[in-house]
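Hi everyone, thanks for coming. Let me put today's structure on the screen, and then we can walk through it together.

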Amino acid sequence: MAISEMRRVSVIGHESRIDEVVRVLQHLGAVEVSEYGEGLASEEKPTITCPYDPTERLSELDSILADLKYTIDMMGKHRRITKSILENFTGYRLYMTESEWKAQISDGADNVRRLCGRAREIEESMADLSARRTRIASSIEFLEPWEGFKGDSTQLGPGPFVTISLGTADSKGIDSRMEAAASSVPGIAWGAVAAEPARAYMLVAYPTSVSEEAARALSEAGFARVSLDQCSGSPGDEIRRLREELDGISKASDNLEREIDSLVEERPRAFALYDHFSLDRARYYITTKFGGTARTFLVEGWVQQKDMGRFRAAILQIADDIVVQDRPPLEDEIPPVELINGKLAQPFEVITKTMGYPAPGSIDPTPFLAPFFLVFFGLCMTDAVYGLIIAGVALLLMRKMKGRGTQFLNLILACGLATVVVGALLGGWLGDLPTRLFGWRTAILFDPMQSPTTFLILSFGLGIVHIFTGLGIKAYDNVRKGRWLSAIYDQGFWVLFLVGIGLTLGGGSLGPGFSSVAENAKYAALGGAAGLVATQGRHHKNPLQRLGGGVLSLYATTGYMSDIISYARLFGLGFTSTVLASVMNDLMLRPAGIPIIGPVIAVIGLAFGHVFNILINIIGAYVHSSRLQYVEFFGKFFEAGGRRFMPFGAATKYVDVETTKGV
């Protein structure tokens with residue numbers, strides 16, 4: 001239940017050991033490798049660099065990974081991965097045994113070239129077929145109006161005596177315009193090949209000797225010449241040939257689809273190869289952070305104290321000429337932060353990390369927030385069956401995800417179990433369903449519907465305990481750092497003052513025996529206030545400013561009152577959940593009396609209604625329970641500013657290997 005102690009480590013060895021050392025670093029996943037010479041001014045940075053230059057290999061690996069990404073994307077474009085409902089939520093991962101993994105990545109570069117080559121060949125063939133299909137469809141569309149022309153297209157054009165042409169014109173008034181053309185140039189004859197409402201398709205003939213005059217007259221008539229140079233016979237023959245070619249393209253497309261199916265069967269190999277070369281690239285890239293001399297290399301980084309022995313043993317096992325040194329952080333060094341908690345508190349690190357990592361040397365709030373978060377979440381849901389459903393879904397997801405996201409799912413599981421306990425205490429079993437069906441009264445503590453005031457007071461009471469716990473943690477932090485007076489001035493006086501005010505105002509309502517307590521509490525409040533006035537302005541040198549700062553500090557009382565009122569959200573969310581469940585029961589049980597179909601409608605309606613109630617309340621329960629930690633609780637003691645510890649390890653994108661040894 002603390003922030004992990006970090007050690008600064010240096011590994012020095014001969015350049016021939018670089019590959020082995022990097023593999024051990026990646027396999028252990030225990031070292032955050034630092035840039036050699038980081039933190040030094042540029043003029044102070046040493047000029048010596050690692051003798052190993054991975055630039056060329058990194059370039060090769062980038063090319064391989066780009067080919068694999070293209071291949072995987074191409075497979076995904078043509079054959080999407082079928083995901084289950086859970087996988088849509090958790091993300092798709094492929095699971096392999098170690099032997100399956102090794103089989104998939106064998107002959108890695110050759111398989112990459114083969115897979116990528118097939119993918120590119122298929123894509124190019126598909127693009128070519130698509131272009132041909134489009135071109136042929138356009139040709140057929142162009143020729144279809146001329147299908148009525150049974151002549152040979154190659155015979156069109158000027159002959160020794162007669163010129164024959166095909167062309168189109170506006171249908172409206174075409175006869176009169178053509179007659180006018182024929183009257184101006186004797187010998188022009190025409191006939192219709194096809195007609196559409198707006199366009200006429202015509203065959204025109206005229207003497208070659210008057211070609212220029214005929215062309216001019218036909219142009220004035222709106223005739224536009226059309227060329228059928230692409231036809232080797234009649235348009236009808238050409239259309240039949242093109243349609244046969246389309247059939248051939250369809251068959252070729254079917255063959256390509258089967259090629260895609262065959263390629264997609266190797267998707268697991270593509271995934272494994274991508275992760276394999278990604279890990280390979282990570283190993284080469286990490287060496288760019290190394291320092292060294294002409295024959296030696298130097299690795300610097302951070303290791304958790306608890307992993308130091310394991311790390312040293314693994315490195316020294318490579319060779320006895322490798323030196324491993326470690327030391328605590330220097331005063332001007334800021335180590336990364338990793339939280340270490342017991343199994344019970346570990347799931348709640350998710351909440352702390354969402355806020356940010358605590359500063360090095362400060363207090364990890366995780367174990368302190370855990371019990372409050374559970375109770376708050378349970379109070380917001382207030383139903384035991386809802387808790388069972390939440391816990392069941394969390395277990396199902398954990399089984400499906402096989403280790404990924406376990407920390408968050410453990411948190412949800414714990415929240416579900418806490419909801420079961422809180423729901424049982426407050427009598428929430430699918431709302432008030434047992435009462436409605438069997439007349440059972442199930443509340444052990446109190447029923448929120450019957451005693452909303454008690455629920456509200458409970459929420460405020462938990463808030464007071466929560467806030468005072470935060471003050472207590474800050475006082476402990478001051479004491480452990482040797483700041484005893486700060487603990488008394490900044491936390492002790494505030495607790496005395498706030499408790500005194502609380503008992504003075506409300507102590508009498510606790511019972512007949514508490515009237516004297518309320519009477520004496522005002523002295524505690526006055527004492528606390530006097531202590532605050534005397535100490536809260538102590539950072540000022542001027543006595544008047546010191547006094548003024550102390551008096552003004554009392555205004556922070558409104559902040560504490562505001563913080564306590566914030567806990568009314570527990571009552572608001574919990575009461576809303578209870579009321580909604582009750583309303584669902586009332587609505588859905590009404591049709592239950594209808595013969596045969598009534599009970600079916602009631603069961604289905606209740607199922608949908610309560611699932612809806614869970615979905616709309618679970619997000620609010622998580623968010624508002626977290627918010628009470630971040631604002632009201634953390635504000636009393638949390639010191640942010642920590643940097644996440646990010647060890648160099650074997651992170652994969654697509655594949656999980658059941659045993660990570662050798663990955």
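This is a predicted model: local features need pLDDT of at least 70, side-chain atom pairs count only at pLDDT 80 or more; totals for chains, interfaces and linings use all residues.

Residues are numbered from 1 along each chain as its sequence is written, and side-chain values use heavy atoms, with hydrogens and water left out.

Let's start inside. A nonpolar core here is a set of buried Ala, Val, Leu, Ile, Met, Phe, Trp, Tyr and Cys residues joined through side-chain atoms within 4.5 Å. Buried means under 20% relative accessible area, exposed means over 50%, and partly exposed is in between, using a 1.4 Å probe and protein chains only. The largest core has 53 residues, and F348, I351, F373 and L411 have the most contacts inside it. Helix 12, residues 366-381, gives the most to this core, with nine residues. Helices are DSSP runs of H or I, at least four residues, numbered from the N terminus.

What does F348 touch? Leaving aside residues up to four places away in sequence, its contacts (heavy atoms within 4.5 Å) include T366, L369, A370 and F373. There is also a second, separate core of 45 residues, with I72, A270, Y284 and V657 among them.

I594, I596, I597, V600, I601, I604 and F608 make a nonpolar surface patch of about 720 Å². For such a patch, residues need over 30% relative accessible area and no salt bridge, and nonpolar side chains (Val, Leu, Ile, Met, Phe, Trp, Tyr) are joined within 5 Å. I601 lies in helix 22, residues 597-633, and counts as partly exposed at 39% relative accessibility.

Finally, the charges. Side chains of opposite charge can pair when their charged atoms come close. Taking a salt bridge as a side-chain nitrogen of Lys or Arg within 4 Å of a carboxyl oxygen of Asp or Glu, the count comes to 43.

R57 pairs with E60, their closest N and O atoms being 3.0 Å apart. These two are three residues apart in helix 2, residues 55-78, so about one helical turn separates them.

R132 and E245 also form a salt bridge, at 3.5 Å from N to O. R132 sits in helix 5 and E245 in helix 8, so the pair ties together parts 113 residues apart in sequence.

Last one: K474, D477, R480, K481 and E639 are linked in a network of salt bridges.

Notes:
Patches are made of residues with over 30% relative accessible area and no salt bridge: like charges are joined within 9 Å, nonpolar side chains (Val, Leu, Ile, Met, Phe, Trp, Tyr) within 5 Å. Accessible areas come from the Shrake-Rupley method with a 1.4 Å probe; for residues, only the protein chains shown count as cover.
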